[in-house]
Amino acid sequence: MKSLKSIKKWTLTKSLKNNNFSFRRNYVLKFVPSLLLINAFKSISSWKNYKATPLLRLDKLQKNLKLNNVFYKDESKRFHLKSFKALGGAYAVEKISKGKKNIIVSSATAGNHGRSVAWGAKRLGLKCKIFVSQYVSETRVKEIKKFGAEVIKVKGDYENSLNECKKLSKKNNWKIVQDVSTKEYKLVPQLTMAGYSIMIREISKQTNQYITHIFLQAGVGGMAAGIVAGVAKYFKRIPKIIIVEPDRADCVLQSVKHNKLKKIKIKKESIMGGMSCNEMSYIPWQILKKASNCCVTVSDRNIARTVAMLKDKMLSKYSITGGECSAPGIISLIGACNNTKIKKLIELDENSNVLLIGCEGNADVKLYKQLLFKGRK
Ligand SMILES: Cc1ncc(COP(=O)(O)O)c(C=O)c1O
C-alpha cells in the first residue's frame with residue numbers, strides 16, 4: 001500500500017480571495033428564509049428510515065496535515081440514494097405536490113437530482129418524467145428508472161435537456177422540480193437548498209467542536225448555498241467558507257472574480273460530473289458572492305487516488321465509499337495546506353477544525369469501480 005507521502009505534492013490549480021466577503025446571517029437568511037429551514041428539517045426527519053448521516057473523522061489525514069480535526073460528513077449513507085441530493089429534490093416534490101395525487105412532476109438532471117425527484121415522486125405515488133442529456137451515463141439512467149420514472153434522453157448537453165423539459169412540461173401541465181434558480185424561478189430551488197441545510201443541523205448536534213473551516217464543492221452552487229444557509233441558522237460561530245470547483249468548470253470562481261454572474265465555456269467535461277457546470281444558480285450566487293472567503297479549483301488528476309485512499313483506510317480508520325464529487329473537498333484541503341500563502345490567508349493551523357462534505361458514495365457504480373481500480377494502481 002502506498003503511503004501518504006505523495007500528497008505533499010498535491011496542488012490547487014487556482015485560488016482567489018473574495019474581496020467582497022462580508023458574512024451576515026440576516027443577509028443569507030433573506031435568500032433561504034429561516035422558516036423554510038425549520039420546515040425542511042421537520043419534514044425530512046419524519047420520513048421513514050431517516051437517520052443523520054455519520055460525521056466521521058479523517059484522523060490519519062488530520063495528523064498528516066497537522067490540523068486539530070478533519071471532519072467528513074458521509075453522505076454516501078443518505079437514505080439509500082447515496083448522495084446529499086436525496087435531501088433536496090425529494091423534499092421539493094413533497095412541498096409542491098401539497099398532498100395531491102394526480103399531478104406529474106418533471107425535471108432535467110445530470111444524475112443525482114433526477115434520482116432524488118424520482119424517489120420523491122415514488123414515495124408519494126406520483127408519476128415522474130426525467131430529462132437527461134446524451135452525456136448522462138446509462139448507469140445513472142438505470143438508477144432513475146429504478147424509482148419508476150420515465151427517462152427521456154435529449155440530444156446535446158444539460159441545457160438542451162432543460163429546454164426540452166420546460167417545453168413538454170408547459171404543454172402537458174407537468175410540475176417542474178428544478179434545483180437551479182433564476183431571477184424568475186426561486187421557490188423550488190429554495191426548498192431544495194433548505195433540504196440540504198439539514199446536513200448542518202445534524203452536524204450541530206454531532207460535535208461540540210466549533211467548525212473553523214468548511215470546504216464546499218460547487219456545481220451551480222446549490223449545495224454550497226444550502227450549507228451556508230444552515231451555518232447562518234444553526235452554527236454559533238461562522239467558519240471560513242472555501243468554495244471548490246473543477247478547474248475546467250470554475251463558474252463560481254469566475255463570478256466572484258468579476259463580481260457578477262459569469263457564464264463560462266467548458267472545453268472538456270471534468271470527471272467530477274455533477275460539478276461540471278457552466279453557470280451559477282441565481283440564489284446561490286446572491287449568497288456565495290458575500291459568504292465565501294475564498295474560491296479554489298482542482299484538476300481531475302488526484303480524484304481516483306483519493307477515492308482509493310478513502311476506501312483503503314489511508315485517511316481514517318474507517319473504510320469510506322466516496323465518489324468523484326467527494327474527493328475534491330479532500331484534495332483542496334491538502335492543496336491549501338501545501339500552499340503557504342493560502343494556508344496563511346485562511347488561517348489553517350493546528351487549532352483548525354475543518355469540515356469536508358463527502359457528498360456522494362458510489363452513486364455511479366460503474367464509474368466508482370473504475371476510479372477505485374485506477375486509484376489503487
Ligand atoms: C454528486 C454531486 N452533484 C452535484 C454537486 C454540485 O451541487 P450544486 O450544483 O448544487 O453546486 C455536488 C457537489 O457539489 C455533488 O456531489
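Here are legends for close-up views of a predicted model.

Because this is a prediction, local features need pLDDT of at least 70 and side-chain atom pairs count only at pLDDT 80 or more, while totals for chains, interfaces and linings use all residues. Residues are numbered from 1 along each chain as its sequence is written, and side-chain values use heavy atoms, with hydrogens and water left out.

**View 1**
Start with the ligand, which has 15 residues around it, and N112, G219, V220, G221 and M223 come nearest. Sorted by class, the shell holds seven nonpolar, six polar and two charged residues. For that sorting, Ala, Val, Leu, Ile, Met, Phe, Trp, Tyr, Cys and Pro are nonpolar, Asp, Glu, Lys and Arg are charged, and the others, Gly among them, are polar. Backbone atoms turn up several times here: a polar backbone atom of G219 is 2.7 Å from an oxygen atom of the ligand, and one of Q217 is 3.2 Å from a ligand oxygen. For M223, a backbone N or O atom sits 2.9 Å from an oxygen atom of the ligand. Taken alone, the ligand exposes 390 Å², and the protein buries 96% of that (areas by the Shrake-Rupley method with a 1.4 Å probe; for residues, only the protein chains shown count as cover).

Zoom in on S106 and you are in strand 4, residues 104-109. Helices (H or I, at least four residues) and strands (E, at least two) are DSSP runs, numbered from the N terminus. S106 counts as buried because its relative accessibility is 0%; buried means under 20% relative accessible area, exposed over 50%, and partly exposed in between (1.4 Å probe, protein chains only). Setting aside neighbours within four places in sequence, S106 is in contact (heavy atoms within 4.5 Å) with K129, F131, C165, S169, W174, K175, I176 and V177.

**View 1. An aromatic cluster.**
Look for F41, W47, Y50, F79 and W119, which ring pairs link into a cluster. Rings of Phe, Tyr and Trp (its six-membered ring) pair if their centres lie within 6.5 Å; planes under 30 degrees apart count as stacked, over 60 as edge-to-face and the rest as tilted. The count by this rule comes to eight aromatic pairs. One of them joins W47 and W119, with ring centres 5.7 Å apart and planes at 75°, so this pair is edge-to-face. W47 is in the loop between helix 2 (34-44) and strand 2 (55-57), and W119 is in helix 5 (residues 112-124), 72 residues apart. W47 is buried at 5% relative accessible area, and W119 is buried too, at 7%. The rings of Y50 and F79 have centres 6.3 Å apart and planes at 50°, so that pair is tilted. Y50 belongs to the loop between helix 2 and strand 2 and F79 to the loop between strand 3 and helix 4, so the pair ties together parts 29 residues apart in sequence.

**View 2. Two positive phi angles.**
First up is F79, which has a positive phi of about 45° although it is not a glycine. F79 is buried, with a relative accessible area of 14%. N259 also has a positive phi without being glycine, near 50°. You'll find N259 in the loop between helix 11 (251-258) and helix 12 (282-291), partly exposed with a relative accessible area of 43%.

K14 is in strand 1, residues 14-17, and counts as partly exposed at 30% relative accessibility. K14 and V296 are 282 residues apart in sequence, yet their C-alpha atoms are 5.4 Å apart in space. A polar atom of the K14 side chain lies 3.4 Å from the backbone oxygen of D247. Not counting residues up to four places away in sequence, K14 touches several others, including D250, L253 and Q254.

**View 3. Helix 8.**
This helix, residues 187-196, is mostly covered: nine of its 10 residues are buried. Among them are V188, L191, M193 and Y196.

Terms used: A residue is near a molecule or strand if one of its heavy atoms lies within 4 Å of it. A polar contact is a pair of N or O atoms within 3.5 Å; within protein, one must be able to donate a hydrogen and the other to accept it, and residues adjacent in sequence count only if both atoms are side-chain atoms.
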